[in-house]
Amino acid sequence: MAFAEPAPAVLRSRPVSAGHWRAFLAVAQHLNFRAAADELALTQSAVSRQIQALEEELGLALFLRHTRAVELTGAGAQLQRAVAPALERIDSAVRLVRQTAGRRCVTITTWASFASMWLITRMEEFQRDHPGVDIRIDASDTLVDLDTSDVDLALRYCLPGAGTQGGLRLFGEQLSVVASPWLLKSGPALRRPADAARFTLIEASDAHRSQRMEWLSWRRWFARQDLPRLEPARWLYFNYAHQIVQAARSGQGLALARMPLIADVLAAGDLVEVLPQHRIDTPLAYWLVVGPRSAQRPEIKAFCAWLHIQAQATRAAIGEPAGPDGGEHPH
């Protein structure tokens with residue numbers, strides 16, 4: 001006897017109402033239609049109709065309805081795991097938008113080490129002088145497109161190029177050997193560049209993976225000191241600049257540090273610059289780039305003016321000469 005082939009299921013493609021999902025999550029949490037209705041401030045029959053409509057949209061049952069109990073089906077449990085965090089993210093975003101509605105905010109993108117070592121340590125002054133302005137920092141290595149994102153300005157570390165077009169050069173960069181005072185007292189003498197090889201040398205783990213990062217390597221520093229084949233006692237590698245500085249502060253070795261990022265640490269005496277006459281310059285610099293849609297807002301102008309003052313102080317701390325107008329050094 002031949003059996004007829006079952007008709008193929010018709011897959012619906014239109015979006016499901018968010019209200020249906022909220023009813024579904026309430027019932028899934030309580031496993032009780034009355035309790036779900038109380039939570040949603042609806043009648044029990046209204047919640048039942050929403051669940052029925054959702055099941056019809058999906059073409060399958062989400063609950064097993066017993067006489068005195070409700071139970072999730074396998075499909076229902078799978079959807080609960082997916083829908084619950086998605087709606088929570090939406091609700092969180094709505095709460096944030098409501099909280100910030102009508103408030104002035106400056107949104108900044110930069111990388112984590114610069115945020116923690118330079119920017120955050122200085123922001124108390126700006127917040128004190130501008131109490132009505134909120135600050136949001138997005139610390140990421142991803143290059144954000146200011147033309148299309150909701151970010152107002154970028155603080156970047158790079159060579160002059162497309163990423164700095166229209167931007168302000170805040171300060172350049174010098175590299176210098178630094179160590180903790182404790183290490184200098186307890187370790188071998190450090191009077192000339194060759195003595196650095198008697199210590200553990202701390203370096204970025206990706207220092208040799210790109211031309212930009214290769215400028216920060218000990219190999220380049222030794223080459224500039226006419227010691228291209230010198231080998232240290234051992235190496236210690238880290239991913240981030242703030243990790244390198246922290247390791248040096250704890251006496252784990254010598255760091256070849258970026259002077260703009262450690263000027264405050266040197267001033268506090270937590271690190272000591274050794275061999276200061278052997279600093280080396282790099283072509284890398286720190287830049288401020290303002291998004292085209294943000295440039296005329298008063299809070300953005302105020303923040304940029306404050307950054308300019310902070311950059312002047314950093315240039316003075318590291319001994320970088322000012323430009324002809326007394327402002328940023330020309331590039």
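Visitor: What share of the residues in the protein is buried?
Guide: This is a predicted model, in which local features need pLDDT of at least 70 and side-chain atom pairs count only at pLDDT 80 or more, while totals for chains, interfaces and linings use all residues. Residues are numbered from 1 along each chain as its sequence is written, and side-chain values use heavy atoms, with hydrogens and water left out. Buried means under 20% relative accessible area, exposed means over 50%, and partly exposed lies in between (1.4 Å probe, protein chains only). Of the 331 residues in the protein, the buried share is 40%.

Visitor: How many helices and strands does the protein have?
Guide: Helices (H or I, at least four residues) and strands (E, at least two) are DSSP runs, numbered from the N terminus. The secondary structure comes to 12 helices and 11 strands.

Visitor: What percentage of the contacts with a separation of 6 or more comes from residues 24 or more positions apart?
Guide: A contact means heavy atoms within 4.5 Å. Among contacts in the protein with a separation of 6 or more, residues 24 or more positions apart account for 73%.

Visitor: Is Thr314 buried or exposed?
Guide: Thr314 belongs to helix H12, which spans residues 298-318. Because its relative accessibility is 1%, Thr314 counts as buried.

Visitor: With which side chain does the side chain of Thr314 make a polar contact?
Guide: Not counting residues up to four places away in sequence, Thr314 touches Trp118, Arg122, Phe171 and Pro260. A polar contact is a pair of N or O atoms within 3.5 Å; within protein, one must be able to donate a hydrogen and the other to accept it, and residues adjacent in sequence count only if both atoms are side-chain atoms. At 2.9 Å, the polar partner of the Thr314 side chain is the side chain of Trp118.

Visitor: Which residue meets Asp195 in a salt bridge?
Guide: Asp195 is placed in the loop between helix H7 (181-186) and strand E7 (200-204), and it counts as buried because its relative accessibility is 7%. Leaving aside neighbours within four places in sequence, Asp195 is in contact with Ala189 and Leu190. A salt bridge is a side-chain nitrogen of Lys or Arg within 4 Å of a carboxyl oxygen of Asp or Glu. At 3.9 Å from N to O, the side chain that meets Asp195 in this way is that of Arg198.

Visitor: How far apart are the closest N and O atoms of Arg65 and Glu55?
Guide: Arg65 is partly exposed because its relative accessible area is 44%, whereas Glu55 is buried, with 12%. In their salt bridge, the closest N and O atoms are apart by 3.1 Å.

Visitor: How many salt bridges are there by this rule?
Guide: Another example joins Glu273 and Arg279, whose closest N and O atoms are 2.7 Å apart. By the rule already stated, the count of salt bridges comes to 15.

Visitor: Over which residues is the pLDDT below 50?
Guide: The pLDDT is the predictor's confidence in each residue, from 0 to 100. The protein averages a pLDDT of 87, and 89% of the residues score at least 70. Where pLDDT is low, the predicted coordinates should not be read in detail. The stretch with pLDDT below 50, which has 20 contacts in the model beyond near neighbours in sequence, covers residues 324-331.
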